[in-house]
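User: Hi! I'd like a close look at one part of this protein, with the packing geometry spelled out.

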Amino acid sequence: MSVNNWTGNVNSSVEMETMINVWTVVEHVRVTSSAAELAIFTAILYWFFTSSRVADMLEVVGERVGGWCGRDTTSLRQAVRTRKRQHADVYAKLDAEVTTRTSSLYRMKDGPIVPPPQPQTRPTAGLACARCAPLSRESWQDAKSPDAGAVINILDIGRQTFANGGVVSRYLCDLAQCLNLVKYDYKDVVPSVAKDERFQRAIEEKTKEELKKAQGEERGKDAESRYMSVRKRVEAKAMKVLIDISSAMSNNVLRLVAWVCHKAVRRVAGGGCGTRAASAERLRRANAAGLPLVFVPLHRSHFDYILVTFTLYLTGLRPPLVAAGDNMRIPFFGWFLRGCGAFYIRRRVDGSEYHEDPVYKSALRAYILNSLAANNNLEFFIEGGRTRTGKPQPPKAGILSVILEAYLDGTIDDALLVPVTLNYDKLVDGNFVREQLGMPKQMETFWSALRGIWRTLNTNHGSIRVDFNQPISLKELVTSFQRYIHLKAPPERPLSPPSDDLNEDLDRRILYNHSHSSFYGAHVSADHKMMVEAIGRHLVYDASQSTALMCTNVVAYVLLAEQRGGCSLRQLERGAEARARRLLADGRDLGYAGDTAAVVRHALDMLGRGVVRRWGGRVRAQAGVAAALELSYYANAVVAHYAAPAIIATALESILCEPGADQEQVRHGDLMERALQLCAVLGHEFVLCAPCQRLRERLLDDIARSDLLQPVQNQNIIEEQRWSQRFARSLEDDEEEQPDPTRNMKYRINKKPEAIAERRRLVLTLRPLIEAYSATCKCLKTASQKEIVTDTLDRLTEEFTQNRMLYGEAVSTDAIRNCLRLLRQWGVIDMHTDNKIRKIRLVPPYDNERSLQEVCNNIHIFNMDSPLLEKK
């Protein structure tokens, strides 16, 4: 072998001379030395040559010498290579590939088959109701790509799109993404609205009304000139109303706001802004059908206006026109919102000075319908305003009634309703503690908005989720609801106190008593009102069930319902992990993932030291009403999920606390009646089930799944179980009420420690609301509404500060007002406006203290003193 065989890669003459000298020494050692001496000589060479080029030569020398010594030819080469930079090591890549192929072939031939690691999957959420919209549930699914629950960060779309682009596009990916967004044609619909028949009819009626008022003022003019003068004045006012309503959506403004949102959301949301990949794909498939998309979000923050539009725009969908409250018409910021598609509506039409304004109603109705006819998508917040409690609110069905009426009279063929949910690790708007404590709402101004934006941009709000449910055909919903017997209009009577049988028509009466809207008009039937209310409640229920629960929601709920007295950090981690597993088993999506300890620490950081106290490895909610109210806001997202089983547990506890009650068993009929009674009380707080499902049916399902109760076996148990399974089917096929064979069925109360802890948790879930309702009943009198609310807040605050009541979140204006609405429906009080002051009057016979106490006992019965709730 010559030296030229292994010096082919040597470039310089110095390196060639060095190699020849090394070769001479090696040849001499090989001939005169033993194998052990050769190994020692090779080690000396390894430590001597440290430069990169000499190390390259040493690899070749070491490979040859190692072979002569009977060793692995790569051992010395590997030793030298550890001294070199890894990114220049070509041999390492080749060796890794050989090792991978060898080990893979070995596993395939001789070892067990190991599947590749799979990404974490989330439960499928946001599907349309299988009972009401089976066609919609199947229409927008892609059978070839099942929904694995993958979540994409919309802030990374630009980076992924321009990852292989030029230098400028890679470094300015956000700007490049915004400049390449699709341009849409936004037609100005104001001229077509001005010619709308209903709009012109409303102007004509208003003109005639003004003529009657002005008869004595314009005596010198003839009839025609008076008419033209009044008509011109009314038309000018009507056009001003229409211009105030209309949006001015612009592609240039959309692109500018999209670029600003990239920067702002990156700064605000340290965890990114996520949405389901499958949801965006479903929307694209639905958009191809050519029907208008009507987005119906639940409302948490002013940031919702931008986030829904921003998410749709970045995922390649047409941004919608957004119904915004007129309180958002702020200088400068209001102009940008209008350019992003906002059209402004009056916040209070019913019961305000605009209640009898037919021109405004006709203008708004015509604007919405003409916008849909112009191929624009639409977005409105079904709850009306932002939720002050964190729970989904009953729907305000004004705009929905316009869309439904347009479908029923043939103005539109169909529309696709898309429930939308938004959730935040930390609410962008701060909190609603001031309003919950009865302080007046602060009006938005330019400077207050600027201060709020600056404060928001300098705070990390964690992660944000924006999720879209399956589009649901309005036509299919209307057809389905017309088949449900239990939704037919009841007699027009109030929801009386639960002294009669609530099993018969509770579902119908709850719908009827909530179906009020200023957009209906006197000609609208009760069936139509209930249809709108039912569809609105279904949308709210679907959205609430598909809301991604953030880590702050879960941790806040554990602190309030399971560890109210405080716990160690380790106990909190175990509780949060166990609650997350139960929620996942129930089909809920979690908007977070990772190590439990890190998740809990992040949640505590988001909640802040003003809400949660940490000391010496222990954690507890801060003492004080304000901290409890803010913590309950985050916990209420989970409270809404557990509302139905919590009603059963509270009803059971109220039975067990009665004097002489059987502590071992409870009758099914007694439990069901008490649970339905509580459902009637909390009708303004929760949407417990979709309207296509009866409350009784939902409670039966929860009792069957509950670990708190165990059926007592008897001879009729088989028939009773069969009847409970057939109960739902019989509701739609037969109008006659069938006898309930489960009425005398008994349950044995589970006394295991786990079951008792579960019962305590569920009772604590609703206890603050019951405390607020009970205190409201004790403060009832003939006075102004503001006075009653203030007295109730003072009473609750005093009880909390004196440790007679443990729940600071019970000091809530929303709960007090909802209780007053309930009492009004029961016919206990009457509300009227006197000199712009809302006043309340006790209605006979409840102006008598004894009669009032009797009706209020229907609420006090659930505010029982239970040993289960004693301090621990």
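At what angle do helix α28 and helix α32 pack, and how far apart are their axes?

Analyst: Happy to walk you through that part; please keep in mind that this is a predicted model. Helix α28 spans residues 643-656 and helix α32 spans residues 753-778. The two pack at an angle of about 105 degrees, and their axes are 8 Å apart. Angles of 65 to 115 degrees count as roughly perpendicular, so α28 is roughly perpendicular to α32.

Now to the residues that meet there. On the α28 side they are A643, P645, A646, I647, A649, T650, L652, E653 and L656. Facing them in α32 are R759, L762, V763, T765 and L766. Sorted by class, this contact has ten nonpolar, two polar and two charged residues.

R761, whose number falls within the span of α32 (residues 753-778), is worth a look too: R761 lies over the face of Y642, at 4.4 Å from the ring centre.

For context, here is another helix pair. Helix α24 (residues 551-562) packs with helix α26 (residues 596-607) at about 85 degrees, with axes 9 Å apart. These two helices are therefore roughly perpendicular to each other as well. C551, T552 and V555 of α24 make the contact with V599, V600, H602, A603, L604, M606 and L607 of α26. By class, that contact has eight nonpolar, two polar and no charged residues.

F295 counts as buried because its relative accessibility is 1%, and F468 counts as buried at 3%.

Y633 and Y634 form a pair too: their ring centres are 5.7 Å apart and their planes are at 80 degrees, so the pair is edge-to-face. Y633 is buried, with a relative accessible area of 7%, and Y634 is buried, with 5%. Finally, ring pairs link F332, F333, W335 and F336 into a cluster.

Notes:
Residues are numbered from 1 along each chain as its sequence is written. This is a predicted model: local features need pLDDT of at least 70, side-chain atom pairs count only at pLDDT 80 or more; totals for chains, interfaces and linings use all residues. Side-chain values use heavy atoms; hydrogens and water are left out. Axes are lines fitted to C-alpha atoms, for helices over the stretch in contact, and angles run from 0 to 180 degrees between N-to-C directions. Helices (H or I, at least four residues) and strands (E, at least two) are DSSP runs, numbered from the N terminus. Angles under 35 degrees count as roughly parallel, over 145 as roughly antiparallel, 65 to 115 as roughly perpendicular and the rest as oblique. Contact means heavy atoms within 4.5 Å. Ala, Val, Leu, Ile, Met, Phe, Trp, Tyr, Cys and Pro count as nonpolar, Asp, Glu, Lys and Arg as charged, and the others, Gly among them, as polar. Buried means under 20% relative accessible area, exposed over 50%, partly exposed in between (1.4 Å probe, protein chains only). Rings of Phe, Tyr and Trp (its six-membered ring) pair if their centres lie within 6.5 Å; planes under 30 degrees apart count as stacked, over 60 as edge-to-face and the rest as tilted. A charge sits over a ring if NZ of Lys or CZ of Arg is within 6 Å of the ring centre and within 35 degrees of the ring normal.
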